Amino acid sequence: MEAAKYEIDLAHLMAFDPNHHLPSIPSNRDELVKECLQKGTELVQAIADALFNLPSTEDPDGPLVQLPKPTTRLPREKHLPKPKPPTKWELFAQKKGIKKRKKDKIVYDEQTGTWKRRHGYDRVNDDKDVPIIEAKMTDEPGEDPFSKRQKEKKNRVEKQEKNRLQNLKQAAKVNALPSHVQLAATALPITGTQAAPKKASKDELASVAGMAATSTASGGKFDKKLPGEKPAKHSGKYRKFLPVVEGKGMGAQEKQQTDKILNKLMSRHSNEILDVDKAVAVFNVKGEKKRRKARESSSTTSSKLKPKNKSFKKKSSKKER
């Protein structure tokens, strides 16, 4: 049998020819590649023959076989992970003799009378399910207990995050983390409030210097150049646009710009066919408005020229004779 002269490990889909040797060293690279491809084809064919000789079961996707246990011990790609150093809490628990016990995921909630999760959504003792909070002797008068409870929870979360980052820093110092986690831990700050400052590159410094040099009204034309300073990439002023929000004098500028565009469009399409009926109707309406205004003005002037009738009463004498 052809596959008997090869050492085959079906668990790893690997085959090896222990008796293989080149009769002579190839003179060029092409012959060496051809010899390797030929030997690789034989090994792959031996693996396929061994797989098809295994007992199989029928499946809609095809025959399935159960691979045997591996016979070849392969070396690890990565080194064995080092044990993580204990955290502050683990050291404290070891000192005080506190043993970690597994808690149940489902807990009975006395407020609602149902079983709920210990953590996560719709958990037990949720702040949304607490209608009344009993006052304590230490509570300040006028303080909202619900907002105080939310604030305390937020402080606890921030403290836990700070402790987590400090544990990562401590583990990175003793090299007890994998390479990718160690790089992430060294980039984290101690407090966890802001990212570590990044050192600017040469190109970034040059672009910032160019922007500062061309930020004047003249675009850096009359500014003094430093020794070795390169010319700006964007010479001249940038294109300006009208603001979206209407401000002081901006509405008139936008209106002028709109009228200019409309006049261009109207002049471009001025040679098209004119709607005569519509033009006559508009002309008649304008003429009627002018005549109406003329009649109203003439009536007002004539009413001003008419004399007003004034009635005088004869004063009666106080004493009648």
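Reader: In which sense do strand 5 and strand 6 pair?

Author: The model is predicted, so local features need pLDDT of at least 70, side-chain atom pairs count only at pLDDT 80 or more, and totals for chains, interfaces and linings use all residues. Residues are numbered from 1 along each chain as its sequence is written, and side-chain values use heavy atoms, with hydrogens and water left out. Strands are DSSP runs of E with at least two residues, helices are runs of H or I with at least four, both numbered from the N terminus, and two strands pair if DSSP finds at least two bridges between them. Strand 5 (residues 106–109) and strand 6 have four bridges, and their sense is antiparallel.

Reader: Which residue of strand 6 is the bridge partner of D109, and which residue in the hairpin takes a positive phi?

Author: D109 is bridged to T114 in strand 6. The hairpin has four residues between the strands, and the positive phi, near 75°, belongs to G113.

Reader: How many salt bridges does a search of the whole structure find?

Author: A salt bridge is a side-chain nitrogen of Lys or Arg within 4 Å of a carboxyl oxygen of Asp or Glu. Searching the whole structure on that basis gives eight.

Reader: Are D17 and K39 buried or exposed?

Author: Their side chains form a salt bridge at 3.3 Å, N to O. The pair links distant parts of the chain, 22 residues apart, with D17 in the loop between strand 2 (14–16) and helix 1 (29–52) and K39 in helix 1. D17 and K39 also belong to a salt-bridge network with E42. By relative accessible area (buried under 20%, exposed over 50%, partly exposed in between; 1.4 Å probe, protein chains only), both D17 and K39 are buried.

Reader: What is the relative accessible area of R291, which pairs with E288?

Author: The salt bridge of R291 and E288 spans 3.0 Å, N to O. Both lie in helix 7, and because they are three residues apart, about one helical turn separates them. E288 counts as partly exposed at 31% relative accessibility. R291 is partly exposed as well, at 47%.

Reader: Which residues form the positive surface patch?

Author: Patch residues have over 30% relative accessible area and no salt bridge; like charges are joined within 9 Å, and nonpolar side chains (Val, Leu, Ile, Met, Phe, Trp, Tyr) within 5 Å. K286, in helix 7 (residues 276–305), is exposed at 53%. The positive patch consists of K286, K289, K290, R292 and K293.

Key
Accessible areas come from the Shrake-Rupley method with a 1.4 Å probe; for residues, only the protein chains shown count as cover. Lys and Arg count as positive and Asp and Glu as negative; His and the chain ends are not counted. The place of a charge is taken as NZ of Lys, CZ of Arg, CG of Asp or CD of Glu.
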